[in-house]
Amino acid sequence: MNQKRFTWFNATSLTFGFVFLYLPIMLLIIYSFNDSKLVTVWGGFSTRWYTALFQNESFMNAAWVTFKVAVLSATIATVLGTLAALVLTRAGKFRGRMLFSGMVYSPLVMPEVITGLSLLLLFVAIGWDRGFWTITIAHVTFSMCYVAVVVSSRLISFDRSLEEAALDLGCNPFNAFMQVTLPIIMPAVVAAWLLAFTLSLDDLVIASFTSGPGATTLPMKIYSQVRLGLKPEINALSTLLIVAVSVGVIAASLIAKRAEQVRARSGDG
Amino acid sequence: MAASGNTSDVFAPWNDASATPLIRFEGVTKRYGDFTAIDNLTLDIYEREFYALLGPSGCGKTTLLRLLAGFEEATEGRILIGGKDISKVPPNQRPVNMMFQSYALFPHMSVAKNIGFGLKQEGRSKDEIAQRVAEMLTLVQLQEFAKRKPHQLSGGQRQRVALARSLAKNPKLLLLDEPLGALDKKLRERTQFELMNLQEKLGVTFMIVTHDQEEAMTVASRIAIMDKGIVAQVDTPAMIYEAPKNRYVSDFIGDVNFIEGTVTAQQDHEITLQSAAGQDFILHSDKPLAISSTAWLAIRPEKIAVSKEPPEDRRNKLQGIVDDIAYSGSISTYHVRLSNGDLIKAQMTNQRRLSNRAITWEDNVWLSWTDTAAIALTE
Ligand SMILES: Nc1ncnc2c1ncn2[C@@H]1O[C@H](COP(=O)(O)OP(=O)(O)O)[C@@H](O)[C@H]1O
Ligand SMILES: [Mg+2]
């Protein structure tokens, strides 16, 4: 199959695929504007659940916690992940290099339940009170690997002679990184931050393991509410989450794509 | 032809025993694992020289520059700049700037920012930087392009920005790694002359890497011919061409014909060499050669005359059949096959129109040259 051809088989499977993926989400978004209190009966257009949502203090608290955790963990993960990417792509052969890269990438394939459980055990062992900070740290540990993957794929194609030129013109290695390397790989770093941010935003499993009484994130809140029965506010809340995550992912891919175009145009690594 | 040691008006500090070199390589070796890229290399470069490193791809030219710039550390030996060992000095503290083969312009900065980058690192004031940048832009004739980004420039313009950037800090030594490699032929030739003028005007020592022998001959005050990590010969372009030390050098610079033989007689600088076919040739040698030792006669194609009649007044002559004629406008190169099957190249300037020329394919011709045209090589 090396020709793009329109066949009924393709069209049908594509349609089914998309319907399967997006119909539930579309329904959820539509019902978030439902006037009726019953989740499954359409009672006309209304934004009352959004209003109710913004007046519900426990939801707003959860939203605020989620946002803070996401921003903070994404930022820390971006710094650490970028450093890991630098070591992975720059340091030549050193003892334990394979082990190091394996350890950086393995959380990508580790079941979340295991990551969550092991972090929980760790925090209990150290005797930390679980709450805001433990969730943040937990999110850093797994989103860091995604950052490392995104940034190192950019660093591999980075033209080292640019850095050498900076050194040659009088920069020390740190200044060369800050003034030349970082601005050039910035799109990848921003994309990685957005990715880490959205990963943190929609994480339920690891947050459940590592949170304490004082800190509940939105996904946790939604999950616990749904177990008590479907409420229209949840639809509204989920719609907002979907919007936030979509904006993050789309922005990340746009930034990456634009940077790619600029690079292709200027013709340097 | 031979360089004399005490001509004061000619620029030749390498002949002056009291001159101290700006750069000195002392037994420098660079290994990458088991591979030896630079092998026990010793050479001197003097102030205001235009020094060319010439050699085939992979012979270690870039490695040599990177050792000087500080991006690589020598495995053995020392590198001195102005008498000081710089082996442990990091690249950002060396009085050396490099113009990269890929130009390595910062894509996120304007032309002016690129040129001013080195000055900014020195902590110079804004006004000072602006003034120097303007000066450099004038020097490379890019005044109107100050605000452009590198990707908005042509190849030739980028090359000039890279040059301006590496000269902005007024280094003692400028390293140029194949600076003209990416330019087309016309632009390259023009830029060669611009580089020479610039170097003369600024008085900066230039060290240029190239694999183009014509380029090296045009621009350099001295050329170092490199071969697999060693320096085969360092000399002025004329000496490299007229008095190569060995067959590798003479073959690398321009075209040359070799005839192997045995030395049968020597008188002053005149040597008689007998070829395997038993024919005697008269040639010139600066150094004495042992009788009955093996040597090679080396002669450039343009020093050989082609004629239909046997030349009466010349002692060096060979008979053969024209195998091929390569016509290239002003000159024609005749490939003449000898009776033993060897090919000899001879070059003649085309004084007449093509149709009037007497010699053509499959003609029986005589090749001849004067007693001093050929030289003897022992290795
Ligand atoms: N970092 C390196 N690691 C291993 N081998 C290298 C490295 N840099 C250069 N070399 C080898 O050293 C030799 C000389 O390279 P280089 O100096 O770049 O040659 P050139 O004369 O073409 O500039 C080449 O064979 C190259 O493969
Ligand atoms: Mg090279």
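Colleague: Which element gives the most to the shell around ligand 1?

Modeller: This is a predicted model, in which local features need pLDDT of at least 70, side-chain atom pairs count only at pLDDT 80 or more, and totals for chains, interfaces and linings use all residues. Residues are numbered from 1 along each chain as its sequence is written, chains are lettered from A and ligands numbered from 1 in the order in which they are written, and side-chain values use heavy atoms, with hydrogens and water left out. Among the residues around ligand 1 are Tyr32(B), Phe35(B), Lys61(B) and Thr63(B), where a residue is near a molecule if one of its heavy atoms lies within 4 Å of it. With three residues, the element that gives the most to this shell is α1(B).

Colleague: Which residue places a polar side-chain atom 2.6 Å from an oxygen atom of ligand 1?

Modeller: Polar contacts here are pairs of N or O atoms within 3.5 Å; within protein, one must be able to donate a hydrogen and the other to accept it, and residues adjacent in sequence count only if both atoms are side-chain atoms. The polar side-chain atom at 2.6 Å belongs to Thr63(B).

Colleague: How much area is buried between chain B and chain A?

Modeller: The contact, meaning heavy atoms within 4.5 Å, takes 24 residues from chain B and 19 residues from chain A. Buried area is the accessible area (1.4 Å probe) that two parts lose on being put together, summed over both. Carbon and sulfur atoms give 59% of the area buried between the two chains, which is about 1,900 Å².

Colleague: Which side chains meet in the salt bridge between the chains?

Modeller: A salt bridge is a side-chain nitrogen of Lys or Arg within 4 Å of a carboxyl oxygen of Asp or Glu, and the count between chain B and chain A is one. At 2.7 Å, N to O, the side chains that meet are those of Glu164(A) and Arg66(B).

Colleague: How many residue pairs are in polar contact between chain B and chain A?

Modeller: For this count, both residues of a pair are at pLDDT 80 or more. Between chain B and chain A, the number of such pairs is eight.

Conventions
Helices (H or I, at least four residues) and strands (E, at least two) are DSSP runs, numbered from the N terminus.
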